[in-house]
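Hi,

Here is the structure I promised to pass on. Have a look, and my notes follow below.

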Amino acid sequence: MSPILDNHLHLNPVNGRGAAAAEEFARAGGTHLLVVNKPSWSLVGEVDDEAGFRETFDLTVEVTRAASETLPGRAWPVLGVHPALVSRLVDRGYTPEGARDLMQAGLDVAGEYVADGPALAIKSGRPHYDVDEGVWEASNAVMRHAFAVGAEVGCPVQLHTEAGDDFGTVAEWAEAAGLPAGQVVKHYAERPITGPVASVIGRKEGLRAAAESNDPFLMETDFIDDPDRPGAVLGPKTVPRRVNWLREEGYDAAVRRAHVETPAAVYGIDTEGTLADA
Ligand SMILES: [Zn+2]
């Protein structure tokens, strides 16, 4: 058995399948997971202080622990603040600056869960939809704060951003904050990108392009574990299935790059050493 890591998936312990979805991943051949917290509002409702973020993170740590038990490898939590929270807060009467401050406080808490707890990385970014200037500025400030937190506690930052291929400027902001660009991961990359490490969504075209490139890359589903939107996204079996397909196509070295070498380089995790002999 060799490692198969889904770099970005959600497990919803409140009203989704939770750890059962991890079991499905394991049955398909998956071994390791990075479990990203669902947006705070979908787990605990509206959040106006640090306590709401802690509750969101605790639920995610708990379901990740349960998921880990179902895997031949293991699962780690990735904790952060969803970039769309800024819009929810502004709709509720916050100024962009007030929203920024609250979201930065949430990222500080996520950093604590890395420094003193079980989390492997933090997550931030900026809206993937059009927003006005004030909200955009606030969002960039939140993202840059995440880089500072990552640099301080020594952990990678996963990013949720607009679509695109060139995030060189964003990677420069990370470097300026003291976080190497190689520890910045663009979640939901559609193909290889400039700047951060691409976490390529599990579709064949983009994966083939990543495999053909010499760049480090990761693979993900962004499974959302939402009972109201079944089939809206890729399911938990997708990464193992795409790994099988890549192997059939002769991309064995790229599979190793995505599931052993890049995870080691970005997160410092040993996906082979943490794999039980099966
Ligand atoms: Zn996601």
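This is a predicted model: local features need pLDDT of at least 70, side-chain atom pairs count only at pLDDT 80 or more; totals for chains, interfaces and linings use all residues.

Let's start with V35: leaving out residues up to four places away in sequence, V35 touches L9, L11, T60, V63, T64, A67, A75, P77 and V78. Contact here is when two C-beta atoms, placed from the backbone, lie within 7 Å.

Residues are numbered from 1 along each chain as its sequence is written.

V35 turns up again in the largest nonpolar core: among its 82 residues, A22, V35 and I122 touch the most other members. A core of this kind is a set of buried Ala, Val, Leu, Ile, Met, Phe, Trp, Tyr and Cys residues joined through C-beta atoms within 7 Å. Buried means that 20 or more other C-beta atoms lie within 10 Å of the residue's own (exposed is 12 or fewer, partly exposed is in between), with C-beta atoms placed from the backbone. Helix α5 (residues 96–115) is the top contributor to this core, giving eight residues. Helices (H or I, at least four residues) and strands (E, at least two) are DSSP runs, numbered from the N terminus.

Now the sheet. It is open, has eight strands in the order β1-β2-β3-β4-β5-β6-β7-β8, and pairs in parallel; strands count as paired if DSSP finds at least two bridges between them. At the edges sit β1 (5–9) and β8 (217–220), each pairing on one side only. From one strand to the next, the twist averages 25°. Angles run from 0 to 180 degrees between N-to-C directions, and axes are lines fitted to C-alpha atoms, for helices over the stretch in contact.

Three bridges link β1 to β2 (residues 32–36), running parallel, and L5 stands opposite H32 in β2. Further in, β3 (residues 75–80) and β4 (residues 121–125) also pair in the parallel sense over three bridges, with V78 opposite A121 in β4.

Finally, the helix pair: α6 (residues 133–153) and α7 (residues 168–177) pack at about 45°, with axes 8 Å apart. That makes α6 and α7 oblique to each other, oblique being what is left once under 35 degrees (roughly parallel), over 145 (roughly antiparallel) and 65 to 115 (roughly perpendicular) are taken out. R144, F147, A148 and A151 of α6 meet W173, A174 and A177 of α7.

Cheers
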